[in-house]
Amino acid sequence: MKSATPKDIEDLVEAGQNSHICPYFGSRRAIAQSQIVLLPYNLLLQKAARESLGIDLTNQVVIIDEAHNLISTLLSLSTTRLPLRTLTTSLSQLSIYLSKFRNRLSTEHALHLRRLVGLLEALVKYVEDWKAEHASDQGKVSGGQQGNGAVKGGPSQAHKTEVMTSGELLRRLGRKVEGINLLEVETYLRQSKAASCLP
């Protein structure tokens with residue numbers, strides 16, 4: 001799907017149908033020969049996304065249109081939502097896997113997995129304690145203190161979200177996990193593909 005002129009989505013679909021190829025994968029393969037590539041911020045700013053598309057920014061000129069939107073995109077790329085259900089399910093599955101295959105695992109894998117179990121246990125405890133603390137705050141607000149100018153549901157809304165750095169989170173989780181390097185955990189999970197082995 002080579003083209004001397006830029007194509008919009010409709011043109012790519014038509015070219016793909018005429019050539020009997022998928023326009024999405026055809027346009028991805030054309031990136032290597034392209035002189036200009038347009039893509040959304042999230043694909044530009046994430047190294048893994050660029051690598052999957054075959055985009056190398058070495059010696060390239062990058063022009064960012066509507067840069068005022070860049071900050072919100074960076075924040076969304078750096079933010080993670082991790083529900084308690086996901087944590088408890090992950091902890092349960094990892095514990096089952098570790099106990100079932102502990103005799104077959106190399107020492108290195110077993111060590112990484114035990115660290116991960118400790119991290120998940122600390123996260124589950126922290127989230128449960130946080131929820132209990134803020135549920136009691138909610139009860140104070142909606143349980144009769146409204147005569148002092150408090151609006152039902154008002155102050156408690158501020159407690160629904162808490163923003164912190166990964167270092168601050170690890171400090172709050174306690175000494176047991178404070179020394180864990182989250183980048184090492186992430187690298188281990190990506191390289192070992194351990195998540196795909198869980199029940």
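**Entry 1: helix H9**

I looked up Glu-168 and Arg-171 and found both in helix H9 (residues 166–173), three residues apart, about one turn of the helix. An α-helix has 3.6 residues a turn, so residues three or four places apart point the same way. The two side chains meet in a salt bridge, at 3.2 Å from N to O. The model I am working from is a predicted one.

Glu-168 is partly exposed, with a relative accessible area of 23%. Arg-171 is also partly exposed, at 48%. Salt bridges with shared partners join Glu-168, Arg-171 and Arg-172 into one network.

**Entry 2: other salt bridges**

I noted six salt bridges in the structure. One of them joins the side chains of Glu-121 and Lys-176, at 3.6 Å from N to O. This pair links distant parts of the chain, 55 residues apart: Glu-121 belongs to helix H7 (residues 107–142) and Lys-176 to helix H10 (residues 175–178). I checked the accessibility of both. Glu-121 is partly exposed at 38%, and Lys-176 is exposed at 67%.

Another salt bridge is made by the side chains of Lys-125 and Asp-129, at 2.7 Å from N to O. These residues lie four apart in helix H7, so about one helical turn separates them. Lys-125 counts as exposed because its relative accessibility is 51% and the cut-off for exposed is over 50%. Asp-129, at 40%, counts as partly exposed.

**Entry 3: aromatic rings**

I searched the whole structure for aromatic pairs and found one. The ring centres of Tyr-97 and Phe-101 are 5.0 Å apart and the planes are at 45°, so the pair is tilted. Both residues are in helix H6 (residues 84–101), four residues apart, which puts about one helical turn between them.

Is Tyr-97 buried or exposed? Tyr-97 counts as buried, at 13% relative accessibility. Phe-101 is partly exposed, at 22%.

**Entry 4: helix H5**

Thr-73 is in helix H5. I found this residue buried, with a relative accessible area of 14%. Its side chain reaches the backbone oxygen of Asn-69 at 3.1 Å. Which residues does Thr-73 contact, leaving aside its neighbours within four places in sequence? I listed Tyr-41, Asn-42 and Leu-45.

Ser-76 also lies in helix H5. At 48% relative accessibility, Ser-76 counts as partly exposed.

**Entry 5: a surface patch**

Leu-57, Val-62 and Ile-64 make a nonpolar surface patch of about 200 Å². I placed Ile-64 in the loop between helix H4 (47–53) and helix H5 (70–77). Ile-64 is partly exposed, with a relative accessible area of 34%.

**Entry 6: both ends of helix H11**

At the start of helix H11 (residues 182–192), a side-chain oxygen of Asn-181 comes within 2.9 Å of the backbone nitrogen of Leu-183. Just after H11, I noted that Lys-193 has a positive phi of about 55°.

**Entry 7: the whole chain**

How many helices and strands does the chain have? I counted eleven helices and zero strands. Of its 199 residues, 22% count as buried. The accessible surface comes to about 15,100 Å², and 54% of that belongs to carbon and sulfur atoms. Among contacts between residues at least 6 apart in sequence, 58% join residues at least 24 apart.

Methods. Residues numbered from 1 in each chain as written. Predicted model: local features only at pLDDT ≥ 70, side-chain atom pairs only at ≥ 80, totals over all residues. Heavy atoms only, no water. Patch = residues over 30% accessible without salt bridge, like charges linked within 9 Å, V, L, I, M, F, W, Y side chains within 5 Å. Areas by Shrake-Rupley, 256 points an atom, 1.4 Å probe, with all protein chains shown as cover. Salt bridge = Lys/Arg side-chain N within 4 Å of Asp/Glu carboxyl O. Helix = DSSP H or I, 4+ residues; strand = E, 2+ residues; numbered from the N terminus. Buried < 20%, exposed > 50% of the residue type's maximum accessible area, 1.4 Å probe, protein only. Polar contact = N/O pair within 3.5 Å; in protein donor to acceptor, adjacent residues only side chain to side chain. Contact = heavy atoms within 4.5 Å. Phe/Tyr/Trp six-rings, centres within 6.5 Å; stacked < 30°, edge-to-face > 60°.
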